[in-house]
Amino acid sequence: MSKYFIPDFAKKFWVIYNFNPYIMTAKSTRAYKILLIIGILIGTCAQLLMKKGVESIGGVHLADSPLIVEITKIFTNPYVIIGLFVIAVSSIIWLHVLSHLDLSFAYPFVSISYIIILFFGWLVFHESVTPLRIAGVALIGSGVILISKSEVKKESSGVQSS
Amino acid sequence: MPFILLFTSIAFAITGQLLMKAGILRVEGIDFSRGNIPGQMLRLVTCPQIIFGLVVFAVSMIFYLAAISKLDISMAYPMVSINYVLIQIFSKIFFHEKINLYRVFGVLFIISGVVLISRS
């Protein structure tokens, strides 16, 4: 890419268009923010799968039956097993993101999952969209945007990407 | 009993996140663009903080599932969002991360949003 003259602003768009965190410069963290959001989307899918799994075994009752019985019941459920696999994928993405971004920066993005779950409920289960929920989603969204505007301290990230 | 489950889940979730961050700092981060993906994966799975962090996180998930199967979501969601505050405080203490006003207000916005959603 360096063989040709490419202006800086064009490079930026090139990076966004061909999403690839590996061609990022140390300066820009935009691709890691995108990777962070993708990881949280995948993690939320895992949550929904787990929820479906726990519902299909009729809830977890730690007090009612022996712990071993409950744990076996949970971990032999197909939804839970797929959910765990998806969690493993999202964990690797999460660790990848954490090696470049602050924990206090990355963690609040997890709250996007509330918005995704509400959207899912509206899309799939036709749950009602109340003004209160819209206000809640707007607040969470603005909170995440605020945090994404905060600087990521370079010294605390473990890796200087090249 | 459900509240004890929920608070245990919250404590374990935070501990898991902090351990994972400590571990990733210890192995100096992963970046698959540097090649040697098996080697990097090996470094990940041989780092005690990361493995312990993932285990603690998994345990917190079990407690969380157990808690929300008994608690009302409108009660559980706002309580779990204490996580966002605690993560800010502990990342400041352990990793000396810069907590600026953007992050403080961002977290406040998120928590009020979560409260609104769970009240509806």
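Student: How many helices and strands does chain A have?
Tutor: Happy to start there, with the reminder that this is a predicted model. Along the sequence, chain A reads α-α-α-α-α-α-α. The count for chain A is therefore zero strands and seven helices.

Student: What is the mean pLDDT of chain A?
Tutor: In chain A, pLDDT is below 50 over residues 17–27, a stretch with 12 contacts beyond near neighbours in sequence. Residues 154–162 of chain A also stay under 50, with 23 contacts beyond four places in sequence. Across chain A, 72% of residues reach 70 or more, and the mean pLDDT is 77.

Student: Is F105(A) buried or exposed?
Tutor: F105(A) sits in helix 5 of chain A, residues 103–106. A residue counts as buried once 20 or more other C-beta atoms lie within 10 Å of its own. F105(A) has 31 such atoms within 10 Å, so this residue is buried.

Student: What percentage of the residues of chain A count as buried?
Tutor: The same cut-off of 20 or more other C-beta atoms within 10 Å applies here. Taken over the 162 residues of chain A, the buried share is 31%.

Student: Which helix of chain B gives the largest share of the side that touches chain A?
Tutor: The contact takes 41 residues from chain A and 42 residues from chain B. On the chain B side, the elements giving two or more residues are helix 1 (2–26), helix 3 (48–68), helix 5 (82–95) and helix 6 (101–119). By class, that side has 22 nonpolar, 12 polar and eight charged residues. The largest share, 13 residues, comes from helix 6 of chain B.

Student: At roughly what angle do the axes of helix 1 of chain B and helix 5 of chain B cross?
Tutor: Two packed helices are described by the distance between their axes and the angle between them. Helix 1 of chain B passes helix 5 of chain B in a right-handed crossing. Their axes come within 10 Å, and the crossing angle is roughly 35°.

Student: How many nonpolar residues are in the contact of helix 1 of chain B with helix 5 of chain B?
Tutor: Helix 1 of chain B contributes residues including I10(B), I14(B) and K21(B), while helix 5 of chain B contributes, among them, L86(B), F90(B) and F94(B). The contact of these two helices includes two polar residues and one charged residue, and the nonpolar count is 10.

Notes:
Residues numbered from 1 in each chain as written. Chains lettered and ligands numbered in written order. Predicted model: local features only at pLDDT ≥ 70, side-chain atom pairs only at ≥ 80, totals over all residues. Contact = placed C-beta atoms within 7 Å. Helix = DSSP H or I, 4+ residues; strand = E, 2+ residues; numbered from the N terminus. Nonpolar A, V, L, I, M, F, W, Y, C, P; charged D, E, K, R; others polar. Axes fitted to C-alpha atoms, helices over the stretch in contact; angles between N-to-C directions. Left-handed = near helix turned anticlockwise from the far one by under 90°. pLDDT = per-residue confidence, 0-100. Buried ≥ 20, exposed ≤ 12 C-beta atoms within 10 Å, placed from the backbone.
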